[in-house]
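Student: Could we look at this structure together? I would like to learn how its terms are used.

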Amino acid sequence: MTSFLDPLISFVSAHAWLAYLTLFLAALLEAVPVVGSVIPGSTIILALSALIPGGELRLQWVLLAAALGAVLGDGSAYWIGHRQQREILNTWPLTNYPRVVEQSETFFHRFGTWAVFFARFVPPIRAFVPVTAGALGMPPARFYAINIPAILVWAPAHVLPGVLAVSALHEYAGLPHHGHIGKHIWILTVAAAAILLGVAAWVYRRRHGGAVAAAKPQI
């Protein structure tokens, strides 16, 4: 695995703009209905944050790329819902995911406007609440008044853990600053955690018939 990660880290160092573009697209696509349910945007952002302490990536640009992608993704979904109203919820491909749409509506009705804030941190609802907010007639000013602060909290919450973890590994665990071992540990930990959570979610859906599993397209 390290033989794969070392060239990847070196490539990012030489082509940082591609990493920023990847971060932007990961945050944007994660906010797209249906697509956001399968794009591991949070995992990508958490993993790439390990490259900030070593200088391969800059903290301010990582935060900016993630935040802009999320704003554009959430905003696009909201405006689609706002223009088409409830009709969008009964249109393909959302019709293939009735349980998730129903769950997002329930989430929205339960928390009101704050659903837009909380949904930023709750996959896969995150990919459906913005379009639902628009479809249910939430005013644009109110949506952005909640959505933008949520993203300003969400972006650092996904970036800073990697920065702090890798910095701590070098500072307190005695790992050499010139080596990549701290980055390896963090990236592999994030990947392993994502796999374990994915397996746990699959097992839960199999055993309990969760909403996401029931929302899979019927073939």
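Tutor: Gladly! A nonpolar core is a set of buried Ala, Val, Leu, Ile, Met, Phe, Trp, Tyr and Cys residues joined through side-chain atoms within 4.5 Å. Buried means under 20% relative accessible area, exposed over 50%, and partly exposed in between (1.4 Å probe, protein chains only). This is a predicted model, where local features need pLDDT of at least 70, side-chain atom pairs count only at pLDDT 80 or more, and totals for chains, interfaces and linings use all residues. Residues are numbered from 1 along each chain as its sequence is written, and side-chain values use heavy atoms, with hydrogens and water left out.

Student: Which residues have the most contacts inside the largest nonpolar core?

Tutor: They are Y20, L23, I45, L57, V62 and W154, in a core of 22 residues. A second, separate core has 14 residues, including F117 and V129.

Student: Why is the pair of F143 and Y144 called edge-to-face?

Tutor: Rings of Phe, Tyr and Trp (its six-membered ring) pair if their centres lie within 6.5 Å; planes under 30 degrees apart count as stacked, over 60 as edge-to-face and the rest as tilted. Here the centres are 5.2 Å apart and the planes stand at 80 degrees, so the pair is edge-to-face.

Student: What makes F143 buried or exposed?

Tutor: Its relative accessible area is 0%, so F143 is buried. Y144 has 25%, so Y144 counts as partly exposed.

Student: And what is the relation of F111 to F118?

Tutor: Their centres are 5.3 Å apart with planes at 70 degrees, so this pair is edge-to-face. F118, at 35% relative accessibility, is partly exposed.
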